[in-house]
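Please read it alongside the structure shown here.

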Amino acid sequence: MSDVKKFMYVNRKAPYGTIYALESLEVVLISAAFDQDVSLAFVDDGVYQIMKGTKTDGIGMKNFSPVYNALGDYDITKLYVEQESLDERGLTLDDLMDIKYEDEDDDWAEKPSIKVVSRKEMADVMDQQDVLMSF
Amino acid sequence: MKLSVLVNEGPYQHQASDSALLFTKAALEKGHEIFRVFFYHDGVNNGTRFTVPPQDDRNLQESWTALQAEHELDLVVCIAAAQRRGILDENEAERQGKDGNNIAPGFRISGLGQLVEAGIESDRLVVFGD
C-alpha cells in the first residue's frame with residue numbers, strides 16, 4: 001500500500017432521520033484498521049450527531065451515540081465541528097458530548113477530541129485532505 | 001489518472017447514479033483508469049437485476065453491467081448496506097437462508113475495506129450522493 005493518506009469523513013445529516021450517520025460511522029470504524037490519518041467533520045445538521053443526551057427509546061432505533069465516545073480507542077482523535085453550523089441551530093459546545101481521547105505522546109493525558117472551527121478554518125482543513133467522503 | 005467512484009444513492013430516486021455512470025464513462029473515454037466503483041447507502045440498489053424501469057426510460061443497472069463488461073470495471077456493492085436493503089448474491093442468500101438472490105451481472109458484494117482501499121490506492125475518489 002501507499003503512504004498514509006489524510007482521510008476526512010464529512011457528516012452533514014442529522015443522526016436518526018436517515019441512515020447516513022450510522023453508515024458513515026461504519027466506514028470510519030473500518031478505516032481505523034487501515035492505519036490512515038482519519039478525521040471527522042460535522043457541518044450543517046451533522047452537528048446533531050454528537051449532541052449529548054440522545055435517547056432513541058421512543059423511535060425504536062438503536063442508539064449509536066456512544067460509539068462516538070469510543071472513537072479515541074480507534075486512534076480517531078480529530079473531530080472538527082463548524083461554529084456557524086452550531087450558531088445557526090442555537091447550539092453551543094456545551095450541547096455536545098464530551099468526547100475525549102488519551103494522548104499517548106503526553107503520558108496518556110485525556111484531551112478533548114472535538115475542535116470547534118470557523119467555516120473558513122473548516123475549508124482550510126478540508127483543503128489539506130487527500131480523501132474526502134461526505135455523507 | 002487513477003480514479004475511484006463512490007455512489008451513495010439508488011437509481012431513479014436521485015440523479016447521483018446517472019451522474020456517476022456518465023462521469024465514469026467520460027473518464028474512461030479520456031483514458032483515465034477506474035480502479036473501483038463502490039456502491040454504498042442506497043447506492044447498493046444499483047446492483048439488483050430485478051429493477052424493471054419503463055421501456056422508454058434508461059436502465060441504470062444494465063448500463064453499469066454493460067460498462068463493466070466493456071472495461072472490466074470492479075463494481076463493488078457494500079455487504080453491510082446490501083444486507084439491510086435485500087441485495088444478495090448466491091453465497092449470501094445461502095448463508096442467510098434466503099430463497100433467492102438478485103445481484104446483477106458484473107457486480108460483486110464485498111466489505112467496506114474495499115472503499116477505504118479505493119481511497120488509498122486512487123489518485124482521486126469522486127463521491128456522488130445527495
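The points below are grouped by topic, after a note on conventions.

This is a predicted model, in which local features need pLDDT of at least 70 and side-chain atom pairs count only at pLDDT 80 or more, while totals for chains, interfaces and linings use all residues. Residues are numbered from 1 along each chain as its sequence is written, chains are lettered from A and ligands numbered from 1 in the order in which they are written, and side-chain values use heavy atoms, with hydrogens and water left out.

**Contact between chain A and chain B**

- Chain A contributes 23 residues and chain B 21 residues to the contact (heavy atoms within 4.5 Å).
- About 1800 Å² is buried between the two chains, 59% of it on carbon and sulfur atoms; this is the accessible area (1.4 Å probe) that two parts lose on being put together, summed over both.
- Four salt bridges link chain B and chain A, a salt bridge being a side-chain nitrogen of Lys or Arg within 4 Å of a carboxyl oxygen of Asp or Glu.
- One salt bridge joins K13(A) to D130(B), with the closest N and O atoms 3.4 Å apart.
- On the side of chain B that touches chain A, the elements giving two or more residues are α3 (79-85), α5 (113-121) and β5 (124-128) of chain B; helices (H or I, at least four residues) and strands (E, at least two) are DSSP runs, numbered from the N terminus.
- The most, seven residues, come from α5(B).

**Salt bridges over the whole structure**

- Over all chains, 21 salt bridges are found.
- In chain A, D37(A) and K6(A) form a salt bridge whose closest N and O atoms are 3.4 Å apart.
- Because D37(A) lies in strand β2 (residues 37-42) and K6(A) in strand β1 (residues 6-11) of chain A, the pair ties together parts that are 31 residues apart in sequence.
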